[in-house]
Amino acid sequence: QHLTGGIHSLASYGTLLLIAGGIGITHPMSYLNEVIATFTEQKTATRKVHLVWIVRSLGMITPPVVVI
């Protein structure tokens, strides 16, 4: 299934591994937002998400804002 914004649905996978570097976190976050939305609607098989985000300094990280 192809969703708006150019991402492919990962709803059929039980476990996801998302990897990002620096500001490249934006694309994996699109997948993470899809998982959260479909999970609350019980439309996904995903039960685990591993996110690996490599940053040069901790200053790049701010507390996440999650709106459900």
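The side chain of T46 reaches the backbone oxygen of Y13 at 2.7 Å. The model is predicted: local features need pLDDT of at least 70, side-chain atom pairs count only at pLDDT 80 or more, and totals for chains, interfaces and linings use all residues. Residues are numbered from 1 along each chain as its sequence is written, and side-chain values use heavy atoms, with hydrogens and water left out.

T46 lies in the loop between α1 (26–40) and β2 (48–54). Helices (H or I, at least four residues) and strands (E, at least two) are DSSP runs, numbered from the N terminus. T46 is buried because its relative accessibility is 2% (buried, under 20% relative accessible area; exposed, over 50%; partly exposed, in between; 1.4 Å probe, protein chains only). Beyond its neighbours within four places in sequence, T46 contacts L10, A11, Y13, G14, L16, V35 and F39 (contact, heavy atoms within 4.5 Å).

A nonpolar surface patch comprises L17, I19, V52 and I54. Together these residues have about 390 Å² of accessible area (Shrake-Rupley method, 1.4 Å probe; for residues, only the protein chains shown count as cover). At least two residues of the patch come from each of β1 (15–21) and β2. Patch residues have over 30% relative accessible area and no salt bridge, and nonpolar side chains (Val, Leu, Ile, Met, Phe, Trp, Tyr) are joined within 5 Å, like charges within 9 Å. A salt bridge places a side-chain nitrogen of Lys or Arg within 4 Å of a carboxyl oxygen of Asp or Glu. V52, in strand β2, is partly exposed at 35%.

The protein chain has 1 helix and 2 strands, in the order β-α-β. Of its 68 residues, 25% count as buried.

Technical notes:
Polar contact = N/O pair within 3.5 Å; in protein donor to acceptor, adjacent residues only side chain to side chain.
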